[in-house]
Amino acid sequence: MKAEVEALVEELKRLRKAGVSRVNVSDAAIQALKRHAKAPTLDAKTRAAVLESIPDKVRSADGRDFDKVLTETKTETKKAAASRSYGAKLPRPPRVHLPEGDKQTRWDYLKEKVLTSSTCNEHVKPGKKVVFGIGNLDADIFFCGEAPGADEETQGEPFVGPAGQLLDKMIAAMGIKRADAYIGNIMNWRPEMPGPRGNRPPTAEEMAYCMPFLKAQLEIVQPKVIVALGATAAKGLLGADSFRALREVKGSWQEFEGIPVMPTYHPSYLLRNDTKRDKRGAWEDWLKVMEKIGLPISDKQSRYFL
Ligand code: URA
């Protein structure tokens, strides 16, 4: 049966490549495909190949529409792949003992430890980089993102792609420079995806693995506030069960190990939702941060996006 399903997958791939987006197959074949795509033993790449092979519309020979079934399968298997195939093989989170010395000495040690970590490097594609935090070791503000994206893993620096450019603009709107702040991520490598494109949020295991590295950076910098950029960063800091939707905590002061945390929108969200309402919604959180650390707020700054 396995060989037959594999042959069917190959045939569907061929049809899809040829531009076919609707096929009629037997009920039995659809059920076999479903089972194949859901098999827990399937590795992520094969699962993705099976799902990729299924044309947009698959109808059984008797005309019943299987779109819904297949959509559910896709959703389930994506989630399952995220929690099973990715991160599940990670070792226990590392113990980080910072050496004695000044901030720079401790930071250099930590950076070297992260960049040479065999676990981090195992998850990075050839030619790409593990990404460690960057910025002023005496910063008042620690911006915490989710995980590196394509630009970040290429350059080895957090927030250097489009989201980073918006972050830089927002930092400048506060009246400070990127180099005055510290910028890090919950995770130190780009979460693996089967293909070259696309991003996914880190799994709980991945976040737990990288958390000691983030904690150590916070221990060195000792910022006055952490700005959690987006739901993943906020969940990483506040706990996976601390909220369901970001709006429950967005704009209200929280705490991570004694440091005030301001959860707010991720710059990527603002790039996707370029409305005055969302921009103002984000900026109001940033004003609270400015107030907290004692940055002067001009009339112009307080009125942005109104
Ligand atoms: N998004 C993040 O959360 N972090 C980055 O470094 C880049 C994009």
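Lys 224 is partly exposed, with a relative accessible area of 44%. The model is a predicted one. The salt bridge partner of Lys 224 is Asp 140, and their closest N and O atoms are 3.6 Å apart. This pair joins distant parts of the chain, 84 residues apart: Lys 224 lies in the loop between helix 9 (204-221) and strand 6 (225-229), and Asp 140 in the loop between strand 3 (134-135) and strand 4 (141-145). Asp 140 is also partly exposed, at 29% relative accessibility.

Asp 168 pairs with Arg 178 in another salt bridge, with 3.0 Å between the closest N and O atoms. Here the partners are 10 residues apart, with Asp 168 in helix 8 (residues 162-173) and Arg 178 in the loop between helix 8 and strand 5 (182-185). Asp 168 has a relative accessible area of 27%, which makes it partly exposed. Both residues belong to a network of salt bridges that also takes in Glu 157.

Is the pair Glu 206 and Arg 200, which meets in a salt bridge, made of buried or exposed residues? Glu 206 is buried, at 1% relative accessibility, and Arg 200 is buried as well, at 9%.

| Salt bridge | N to O distance |
|---|---|
| Lys 224 and Asp 140 | 3.6 Å |
| Asp 168 and Arg 178 | 3.0 Å |
| Glu 206 and Arg 200 | 2.9 Å |

The count of salt bridges in the model comes to 11.

Terms used:
Residues are numbered from 1 along each chain as its sequence is written. This is a predicted model: local features need pLDDT of at least 70, side-chain atom pairs count only at pLDDT 80 or more; totals for chains, interfaces and linings use all residues. Side-chain values use heavy atoms; hydrogens and water are left out. A salt bridge is a side-chain nitrogen of Lys or Arg within 4 Å of a carboxyl oxygen of Asp or Glu. Helices (H or I, at least four residues) and strands (E, at least two) are DSSP runs, numbered from the N terminus. Buried means under 20% relative accessible area, exposed over 50%, partly exposed in between (1.4 Å probe, protein chains only).
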